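Look at the model below. This report takes up a pair of helices and then a sheet.

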Amino acid sequence: MSEPTEREVLERVDRVRRRRPRVTDERITLSHGSGGKATHALVEALFVEAFRNPILEPLEDQAVFEVGQARLAFTTDSFVVSPLFFPGGDIGDLAVNGTVNDLAVSGARPLYLSAGLILEEGFPVADLRRIVASMAAAAERAGVQVVTGDTKVVERGKADSCFINTAGIGVLERDVRLSVSAACPGDAVIVSGPVGDHGITIMLARGELGISSDLRSDTAPLTDLVGLVLEAAPQTRFIRDATRGGVATICNELAQASQVAVVLDERAIPVRPEVRGAAEILGIDPLYVACEGRFVAAVPGERAEAVVAALRGHPQGQGAAVIGHVAAEPPGLVLVDTAFGGTRILDMLVGDPLPRIC
Amino acid sequence: MRDRPAPPDAPTPATEGGPVAVTSAMRFVDEFRDRDTARAVAARIAELCEPGRRYGFMEICGGHTHTIYKHGIEDLLPEAVDLVHGPGCPVCVIPMGRVDDAIWIAEQEGVILTSFGDLLRVPGSRGSFLEAKARGCDIRMVYSPLDSLRIARENPDRRVVFMAIGFETTAPSTAVTVLRAAAEGISNFSVLCNHVSIIPALRAILAASDLRVDGFIGPGHVSTVIGCEPYRFIAERHGRPFVVAGFEPLDILQSIQMLLLQLHEGRSEVENQYTRVVSWEGNRKAVRAIEEVMEPRATFEWRGLGWIPDSALQLRKEYAAFDAERAWEVPAARVADPRACQCGEVLRGVIKPWQCRVFGTACTPEAPIGTCMVSSEGACAAYYNFGRFSRPRAAAARRG
């Protein structure tokens, strides 16, 4: 038997990558919550398997379904951020904006939210007041109402101070069908602003790295910006907010679900110098770092300039940019043209974005 | 962010002295990533290649491997230049038995095991640190051994063990931490010492009959400590040019140019490309700190390379109180690498990552069999994550 060539090996590797993921671990590790490959394996092998239905299966960030004459979007999200308070926001506005954005990126107008709080015995009421006030302010800014809720208190040590779950309902008034599997060769890939601000802000706010900066979280509702994209490009294929796993994860989800290649131009990706600097020191790639007020969109190539112009006309979208395009080959992969002039793959994240040691 | 960016029990304020402002960090980086300069150096490299001749250059350090793939440096090189990935990824050379020993210690009553983040997913024979942590062991990620010492200070009723790994780059900080623990009289802190030395590993590689290397891209960080002199035997006795290189992509390209120029002119010398950081003599103070606290072990097992005499460090008996191997009778079982794993051949540069029979199929970054697939500096992980793509297909995709 002759030795396989590099190309044959890589094709075999691609076939293996396309297999349905399995969960082989005996216990949940932190990797399962990182938003990368282990999270995907858990969702697809465990949750989709158990709950299988046509609304869930597309694995969008929200479920879209019809009730009577109305098309509704429905989603939920849990928030366990530490520290609870950080420059630019806190767990309260994050919990509102996160769910609002998961609705908004489907093209829906977010309407109503629920709020479930899990509090640890001994948690200061003053902190809770602060969190609730910022939830109320974020809800008002996003034009939604918190209409139902629940509170649980657990013994000291059984939860870390305060966790929040929110769920939300929105209504689709436009005739749009955005989907992670709708990208076509020739589409442009757009990001609505500089990436990585939130994640780096949180890492620095934890105080363990001895690095200071003026960075602030980008947490914000995206409803208005999504509206601008849909007006400038009614044939928009896909929008998703770049939260856990960052821009890299979304591009991988898009490439895999649409069976296209996503080719990014490293020089075009907006990253603040502070974020680049901190990420460089930590040995992590800003493309994997979470945002809480940015989305990635795939729009027909000929509408790209109009979309970016519309976004830049809004105070929240001034950093918007075309960061790449969709190609037919090789399906399922994300490539980066590096600033240095080479090419590399941008894969899903494995494990937590941990710093390298040397 | 909907999840914690780092493990929830990662430490709080670590660095002593004030915080570092981050804005200036990139100021000096961009010029080392300039596309036009890169093209100019690449053109010079192509000119220096003699027709019909092939060149194999080993980058010893995992940091270089990472840079090469992250920036797509191979795309700029002529076909005739082949980069061979060496044994300088500290995570990759840790044998399974040492991971097992560390987990065994973590399972003892009252122990907190601390480790750099890179090690958390390295498989031992009974799973990784991450899995041991999920089973209930108190394993915490730290950024520096001093963080570990602080955890010991804050938890006087616990025994805190630092899993020390790395070449001469990280050994000084472990040594300094032990000295500080001794000075402060902290009795609940110890080190499981796995520090290794680069020179014996290079000797082992040079002794191998299947070596296909015409020159070496020398490890920049290690050389800041040991200097350039120790590599002289490679140039003089083994006739192979050696260029100590920095970690930006232009550093690597320039080092390749310097190696080719030496070969072209029939020279074989140790040269220093990374003069902005590395001095010929190295850092004597750091070397003295290592020598004060540590001494060579008679022999040490390297993942994939086997047992290499005088290749690792252990704590001197004067510091026995801080030596986890003396505090516990660790099982110290020799665990054979899984049969399918070819990390050893990858680490010696005999095969490319993709030539390993389990590459990307049974062994992937999410379920690694070998250590080379774990760390982002491991040759297999770097190739899988960044480079797993043939140049013609990439070019086709770029054209859209």
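A helix axis here is a line fitted to C-alpha atoms over the stretch in contact, and angles between axes run from 0 to 180 degrees between N-to-C directions. Keep in mind that this model is predicted.

**Two helices in chain A**

Start with helix H3 (residues 91-104) and helix H4 (residues 125-142) of chain A. Their axes come within 7 Å and cross at roughly 30 degrees. Angles under 35 degrees count as roughly parallel. H3(A) and H4(A) are therefore roughly parallel to each other. Their crossing is right-handed.

Which residues make the contact? From H3(A), they include Ile91(A), Ala95(A), Val96(A) and Val100(A).

**A sheet in chain B**

Now turn to chain B. Strands of a sheet pair through backbone hydrogen bonds, either parallel or antiparallel. In chain B, five strands form an open sheet with parallel pairing, in the order E3-E2-E8-E9-E10. Strand E3 and strand E10 of chain B are the edge strands, and each pairs on one side only. On average, neighbouring strands of this sheet are turned by 20 degrees against each other, direction ignored.

| Edge strand | Residues |
|---|---|
| E3 (chain B) | residues 81-88 |
| E10 (chain B) | residues 270-272 |

How many bridges join strand E2 to strand E8 of chain B? Three bridges do, and the two strands run parallel. E2 covers residues 55-61 and E8 covers residues 215-218 of chain B. Met58(B) stands opposite Phe216(B) in E8(B).

Definitions and conventions: Residues are numbered from 1 along each chain as its sequence is written. Chains are lettered from A and ligands numbered from 1 in the order in which they are written. This is a predicted model: local features need pLDDT of at least 70, side-chain atom pairs count only at pLDDT 80 or more; totals for chains, interfaces and linings use all residues. Two strands pair if DSSP finds at least two bridges between them. Helices (H or I, at least four residues) and strands (E, at least two) are DSSP runs, numbered from the N terminus. Angles under 35 degrees count as roughly parallel, over 145 as roughly antiparallel, 65 to 115 as roughly perpendicular and the rest as oblique. A crossing is left-handed if the near helix is turned anticlockwise from the far one by less than a right angle, and right-handed if clockwise. Two residues are in contact if their C-beta atoms, placed from the backbone, lie within 7 Å.
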